[in-house]
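Biologist: I'd like to learn how to read a model like this one. Could you walk me through it, feature by feature?

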Amino acid sequence: MDSNKLILKPGLEGVPVTNSSICDIDGNKGKLLYRGYSIEELSQKSSFLETAYLLIWGELPTAIQLRDFEQEVQMHRRLSFRVRDMMKCFPATGHPMDALQSSAASLGLFYSRRAIDDPNYIYNAVIRLIAKIPTMIAAFQLIRKGQDPIQPRDDLTYSSNFLYMLTEKEQDPIAAKVFDRCLILHAEHSLNASTFSARVTASTLTDPYAVIASAVGTLAGPLHGGANEDVIAMLEEIKTPENAASFLDNAIKNKSKIMGFGHREYKVKDPRAIILQKLAEELFIRFGADEMYEVAKSLEAEAIPRLGPKGIFPNVDFYSGLVYRKLGIPRDLFTPIFAISRVAGWLAHWREQLGANRIFRPSQIYTGSAPRDWISLENRK
Ligand SMILES: CC(=O)SCCNC(=O)CCNC(=O)[C@H](O)C(C)(C)COP(=O)(O)OP(=O)(O)OC[C@H]1O[C@@H](n2cnc3c(N)ncnc32)[C@H](O)[C@@H]1OP(=O)(O)O
Ligand SMILES: O=C([O-])CC(=O)C(=O)O
């Protein structure tokens, strides 16, 4: 095959692979819109479930549509005892993202597969995934501590209930509100790696649980959603604000990446990082300071003159971990929490992909051997 005429774009940088009406990013101005609404306004005025509805169905819900959507999600939050029993067999030392990927995929065993022409099947899959993913994450957290998962509480909102299932305590309403705003901020981001993965999987017309499981696996990587966990490890390694400059010098000298910095789309500070930093500050005022925040600010201040000219600034993962840490959430749950939120974007892209589907099947530029003769085993060197 003659591949001389093909031009390789590593990482598909700048290559459009679909039309989409879900999300718009202006990476030079630091603007992010979901279905035309700014992230600043949504994170102030909306709730996560309302934002999820907007992303998936395309318009803000009416009061009745929102009430029905919230009630449906509430009714489907419980897990089958078989899913819980399966999760009890997972190794307690395993990463919660792997537990989530396996549990999300297992839903395909329980609910009829591939009826993707049926609007009811699509609606029910959307509800189930949004409802059950938080319960799976909270269940794994308790199971790995040797406890039984606790049941969701119907008198609590989506975010309050998740924090309750995770910590077994009812949370301060301000903490639950901040958490809900974090979910809004992480819900969608155009053709990032996990969403692309979801769309590729969707394009084969497989079931939505496989679509979401494949996206969860992609989100877990440290170059993508997994960076939020690594940022805290990095800040703890730096230890004090005074050490930030020498840490940065070494990283630049050794060409190692500063976690939570850099983005394919943004050439300025990620607008979500700006809001997350403010949310972290709100929590510190209410619940007490975190010394790692001083380290983070010092690292950012040192990095901007050095990395800023290359268009490398804090991304969404830089400040989110500090928010979750203040809420008492263990570090290895930061990326699963990203998935609670991003499932809204993945499902919106799943529906959009099905609306104008063609299977993804890109090309390659072959760099292997020319045709050659078989060498029998005894003649190989
Ligand atoms: C939710 C999310 O997924 S947000 C991103 C989360 N990931 C991280 O925070 C991990 C750290 N960041 C990165 O690895 C990258 O910036 C990515 C993966 C986010 C984007 O990657 P790409 O667009 O492919 O950029 P790429 O990795 O090619 O970097 C371009 C240049 O900037 C440098 N660079 C990019 N990010 C960083 C960073 N965080 N620290 C130091 N240098 C960086 C690269 O070394 C490279 O320099 P060079 O041209 O001198 O070789
Ligand atoms: O857009 C990207 O490449 C990564 C990102 O910020 C996200 O998925 O939220």
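This is a predicted model: local features need pLDDT of at least 70, side-chain atom pairs count only at pLDDT 80 or more; totals for chains, interfaces and linings use all residues.

Biologist: Which residues are around ligand 2?

Modeller: You'll find His189, Asn192, His263, Arg264, Glu265, Asn315 and Val316 there.

Biologist: Now the helices. How do I describe a packed pair?

Modeller: Two packed helices are described by the angle between their axes and the distance between the axes. Take helix 14, residues 291–307, and helix 15, residues 316–326: they pack at about 170°, with axes 10 Å apart. An angle over 145 degrees counts as roughly antiparallel, so helix 14 and helix 15 are roughly antiparallel to each other.

Biologist: Which residues of helix 14 and helix 15 meet?

Modeller: From helix 14 come Met292, Tyr293 and Ala296, and they meet Phe318, Tyr319 and Leu322 of helix 15. By class, the contact residues are six nonpolar, with no polar and no charged ones.

Biologist: Let's zoom out. What does the secondary structure of the protein chain come to?

Modeller: The protein chain has 16 helices and three strands. Its radius of gyration is 22 Å, close to the 21 Å from the globule rule for 381 residues, so the chain is as compact as a globular protein of that length. Along the principal axes, the C-alpha atoms fill a box of roughly 70 × 55 × 45 Å.

Biologist: And how much of the protein chain counts as buried?

Modeller: That's 42% of the 381 residues. As for contacts between residues at least 6 apart in sequence, 78% join residues at least 24 apart.

Conventions:
Residues are numbered from 1 along each chain as its sequence is written. Chains are lettered from A and ligands numbered from 1 in the order in which they are written. Axes are lines fitted to C-alpha atoms, for helices over the stretch in contact, and angles run from 0 to 180 degrees between N-to-C directions. Helices (H or I, at least four residues) and strands (E, at least two) are DSSP runs, numbered from the N terminus. Angles under 35 degrees count as roughly parallel, over 145 as roughly antiparallel, 65 to 115 as roughly perpendicular and the rest as oblique. Two residues are in contact if their C-beta atoms, placed from the backbone, lie within 7 Å. Ala, Val, Leu, Ile, Met, Phe, Trp, Tyr, Cys and Pro count as nonpolar, Asp, Glu, Lys and Arg as charged, and the others, Gly among them, as polar. The radius of gyration is taken over C-alpha atoms; the globule rule is 2.2 Å times the number of residues to the power 0.38. A residue is buried if 20 or more other C-beta atoms lie within 10 Å of its own, exposed if 12 or fewer, and partly exposed in between; C-beta atoms are placed from the backbone. A residue is near a molecule or strand if its C-beta atom, placed from the backbone, lies within 6 Å of it.
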